[in-house]
There are 2 protein chains.
Amino acid sequence: MKAVFFDGTLKIIDMEIPRRKEHEVLIRISKAGICNTDHEILKGYVPGFTGIPGHEFLGHVQEAENRSLIGRRVTGEINCACGKCDYCAAGLGRHCPDRSVIGIMDHPGAFAEYICIPESTVVEIPEHIPDSRAIFIEPLAAACEILEQIEIPSQSRVLLIGDGKLALLIGLVVSSTGADLTVVGKHENKLSFLEESNIRTVLLTDFVREPYDIVIEASGSSSAFGLAVECTKPRGTIVLKSTCAENLDFNPSGIVVNELMLVGSRCGRFKDARAFIEKGNPRLEKLITKAFPLGRALDAFRESEKKDTIKVILKNE
Amino acid sequence: MKAVFFDGTLKIIDMEIPRRKEHEVLIRISKAGICNTDHEILKGYVPGFTGIPGHEFLGHVQEAENRSLIGRRVTGEINCACGKCDYCAAGLGRHCPDRSVIGIMDHPGAFAEYICIPESTVVEIPEHIPDSRAIFIEPLAAACEILEQIEIPSQSRVLLIGDGKLALLIGLVVSSTGADLTVVGKHENKLSFLEESNIRTVLLTDFVREPYDIVIEASGSSSAFGLAVECTKPRGTIVLKSTCAENLDFNPSGIVVNELMLVGSRCGRFKDARAFIEKGNPRLEKLITKAFPLGRALDAFRESEKKDTIKVILKNE
């Protein structure tokens with residue numbers, strides 16, 4: 001099969017179709033989304049990463065022990081957990097110390113024609129959700145995770161910093177709480193997606209610093225962290241949503257003096273994201289800037305890095 | 001009156017006794033404690049600070065509108081709040097945006113013979129609490145603040161990093177919750193104070209990194225922040241207790257990936273601290289390394305910086 005492979009440089013290789021192990025399913029991938037984490041991996045965010053990246057995907061089950069799954073259109077949870085530890089027992093398999101993470105840690109990723117994943121991580125896609133929306137389930141789950149971690153009261157003032165792929169999804173999710181949301185970003189074309197959903201947006205150059213109850217940092221820029229601290233009310237909350245290879249240089253006194261609470265937030269539950277799509281019918285397809293066949297993955301990565309690009313999809317159809 | 005004054009350099013000056021404004025009391029200070037924040041102020045932690053530092057004190061009321069206060073032994077809350085804003089209404093005057101802070105921001109401090117403070121901030125000291133314990137009410141309140149902000153279940157494993165003045169008080173307060181506490185520090189003589197209260201301590205050189213539910217960073221060292229992140233379980237909590245002039249250089253990914261919660265923690269309620277002393281009778285006097293007359297404040301500051309020194313007191317008797 002064809003696969004994208006990273007071993008210090010990114011390339012397309014031919015390799016064997018993976019063999020399904022016990023309790024796994026084999027999926028023929030139809031679509032996969034390029035995420036910022038994929039770019040960060042290329043920059044060294046996961047030291048020593050070698051293999052197939054990619055963790056946002058859709059496909060059809062080809063082989064499975066549970067034969068009712070065969071032919072089904074599915075995606076798969078990004079974290080493959082042990083199912084036995086305290087975290088797994090608490091429904092927090094995404095923190096299982098023995099987990100592998102698809103396309104990130106100890107599990108081949110989805111920028112390929114086929115993938116094997118544990119049957120327990122398979123999430124079916126209902127027929128009425130088109131591919132162009134379902135492909136966002138993984139990053140949308142990461143956006144929904146915020147609501148699983150903190151309460152956003154409807155009367156709260158929330159600032160979201162960032163207008164990238166993940167930030168726009170967070171904008172939709174936070175807006176659904178009824179909170180008074182402002183999104184600050186650098187790209188008019190990206191912010192317009194939220195404006196169309198009646199979400200208040202402002203360009204960073206026009207942004208006036210004010211105190212907010214909750215600030216969500218999802219820009220991945222190291223300077224945004226200082227902005228977040230500055231714009232959070234005493235006893236307010238900052239949600240950190242970006243994983244990046246770059247270090248921050250900051251003075252923690254602002255956090256201590258104002259007794260801020262910082263909450264790191266990563267992956268979420270796919271079922272929450274699927275429910276969010278089913279309930280709200282968000283027009284997520286508008287976030288897809290361009291689709292490339294898998295064989296043109298290198299072009300797709302280049303396209304994905306462009307300033308005005310939102311989501312780039314790899315197709316394998 | 002004699003007063004310690006900082007205007008870029010630390011000196012002892014003679015100045016007028018301050019005049020009591022409306023709703024203020026005039027206090028003759030008997031004792032004042034030197035805190036790490038005072039040293040940080042000398043290093044530039046509060047840009048442009050000019051005036052009398054010092055915010056831990058005891059004294060006797062000399063003048064007051066409420067005549068029943070006259071002659072009473074008292075201390076004063078460090079934050080002088082407006083009493084009218086939403087924070088004040090919520091009992092969070094220590095976050096009042098219009099507050100002044102004794103010896104730190106817009107209010108003369110306590111390293112002097114006299115001080116005027118708002119009557120509303122006066123906290124009386126019951127007779128049975130000796131000066132040598134009551135002088136710790138301000139830093140002890142800062143230690144108690146942690147319990148006001150986060151829950152420490154008795155079955156949780158807690159790591160406290162630091163063995164300075166504040167850290168030792170935090171050790172006593174956290175230990176009172178029944179949690180399984182380990183304190184890591186650099187100074188055997190300081191840690192021995194906690195050992196005498198049956199609190200497990202370990203020297204940093206012997207410390208084995210393990211995951212804890214809650215990590216409290218109270219060492220004021222920038223390298224301790226990384227240690228805290230490394231020793232916190234996924235979904236665990238880090239309490240940041242140090243204000244310092246120095247910047248941190250760190251990668252936030254550890255916080256995001258493990259979905260840690262960071263809580264900045266500063267001043268607490270004096271009444272909680274007073275109650276803690278009354279209930280537990282902690283032998284706080286053992287923390288006093290040396291006392292100096294106010295006129296020898298410069299020697300006292302030098303003594304306070306020494307490696308093995310815990311608390312240095314200025315006396316004005």
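Predicted model: local features only at pLDDT ≥ 70, side-chain atom pairs only at ≥ 80, totals over all residues.
**View 1. Chain B meets chain A.** The contact involves 39 residues of chain B and 39 residues of chain A. Between them, the two chains bury about 3,200 Å². Carbon and sulfur atoms carry 53% of that area. In chain B, the residues that lose the most area to chain A are Arg235(B), Val256(B) and Glu259(B). Together these three account for 19% of what the chain B side buries.

**View 2. A salt bridge between the chains.** Arg235(B) pairs with Glu148(A) in a salt bridge. Their closest N and O atoms lie 3.1 Å apart. The count of salt bridges between chain B and chain A is four. Polar contacts link 15 residue pairs between the chains, counting pairs with both residues at pLDDT 80 or more.

**View 3. The side of chain B that touches chain A.** Helices α4 (137-149) and α8 (253-257) of chain B each supply at least two residues to this side. So do the strands β15 (232-240), β16 (248-250) and β17 (261-264) of chain B. By class, this side of chain B has 18 nonpolar, ten polar and eleven charged residues.

**View 4. Strand β17 of chain A beside β17(B).** In chain A, strand β17 spans residues 261-264. Three bridges join this strand to β17(B). The two strands run antiparallel. Met261(A) has Val263(B) as its bridge partner in β17(B).

Key
Residues numbered from 1 in each chain as written. Chains lettered and ligands numbered in written order. Heavy atoms only, no water. Contact = heavy atoms within 4.5 Å. Buried area = accessible area lost by both parts, 1.4 Å probe. Salt bridge = Lys/Arg side-chain N within 4 Å of Asp/Glu carboxyl O. Polar contact = N/O pair within 3.5 Å; in protein donor to acceptor, adjacent residues only side chain to side chain. Helix = DSSP H or I, 4+ residues; strand = E, 2+ residues; numbered from the N terminus. Nonpolar A, V, L, I, M, F, W, Y, C, P; charged D, E, K, R; others polar. Pairing = 2+ DSSP bridges.
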